[in-house]
Amino acid sequence: MEDHAILANEPKSSRLVTASVISADRDSSHLIFNIHVSEPGDGYLSYGLFRRYEAFAAMHAAMQAQPELAPRLPSLPAKPRKSTKVTDDWSIIDRLGEYLRSIVSDPLLVTSGEVRGFLELSAADQLSRKLREREEMFLQVARVIHIASRTAALAPTPSRLLTAHSPPS
């Protein structure tokens, strides 16, 4: 189950974000975690990221150094061993997934610069705004075309003008 968090300072209405660790791949001796980030109800903003454990640890350490964030932080799961067992990989995926869901479910943590940077939320926000602007522009053009086509259908044509102004017989 994915948890949701409200992002502060967002235009119009509050937004929700979810983040889950969905898989991991081995790169030589490291695990690289595949993270899925999305905003429910917003088809524009859903993307994947790849992070090594060290990125989770760096984010955690940076937030732990901040007195207002440290007490709210969940425990960071232990660094995975260099195991070749698939069950060990799934275990760390589950534990890091729970850690990440705990963070994004906390409104103060998810709006911190560390989490926004880790999840690349600022870049995603910019992309989402651009896509929404283009969609709005497209809708405005479509409205103008629709109005113009309705107006053209009602406008008098030369044949209509001739029959309307012909002298009576």
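Guide: Of the 169 residues in the chain, 32% are buried. Bear in mind that this is a predicted model.

Visitor: Which elements does the chain contain, and in what order do they run?

Guide: The chain has six helices and four strands. Starting at the N terminus, the order is β-β-β-β-α-α-α-α-α-α. As for contacts with a separation of 6 or more, 52% are between residues 24 or more positions apart.

Visitor: How many residues does the largest nonpolar core have?

Guide: The general idea comes before the case. In soluble globular proteins, nonpolar side chains tend to be buried together. Here the largest nonpolar core has 30 residues, and Phe33, Ile35, Val37, Met63 and Leu119 have the most contacts inside it. At least two residues of this core come from each of strands E2 (15-27), E3 (30-38) and E4 (46-52) and helices H1 (53-64), H2 (86-104), H3 and H4. H2 supplies the largest share, seven residues.

Visitor: What is Val37 in contact with, beyond its neighbours within four places in sequence?

Guide: With those neighbours left aside, the contacts of Val37 include Val17, Ala19, Leu45, Tyr47, Leu49, Leu119 and Leu121.

Visitor: Now a loop residue: is Ser112 buried or exposed?

Guide: Ser112 sits in the loop between helix H3 (107-110) and helix H4 (113-118). Ser112 counts as buried because its relative accessible area is 8%, and the cut-off is under 20%.

Visitor: Which residues does Ser112 touch, not counting those up to four places away in sequence?

Guide: Ser112 touches Met63 and Leu69. Leu69 is 43 residues from Ser112 along the chain, with 8.5 Å between their C-alpha atoms.

Conventions. Residues numbered from 1 in each chain as written. Predicted model: local features only at pLDDT ≥ 70, side-chain atom pairs only at ≥ 80, totals over all residues. Heavy atoms only, no water. Buried < 20%, exposed > 50% of the residue type's maximum accessible area, 1.4 Å probe, protein only. Contact = heavy atoms within 4.5 Å. Core = buried A, V, L, I, M, F, W, Y, C linked by side-chain atoms within 4.5 Å.
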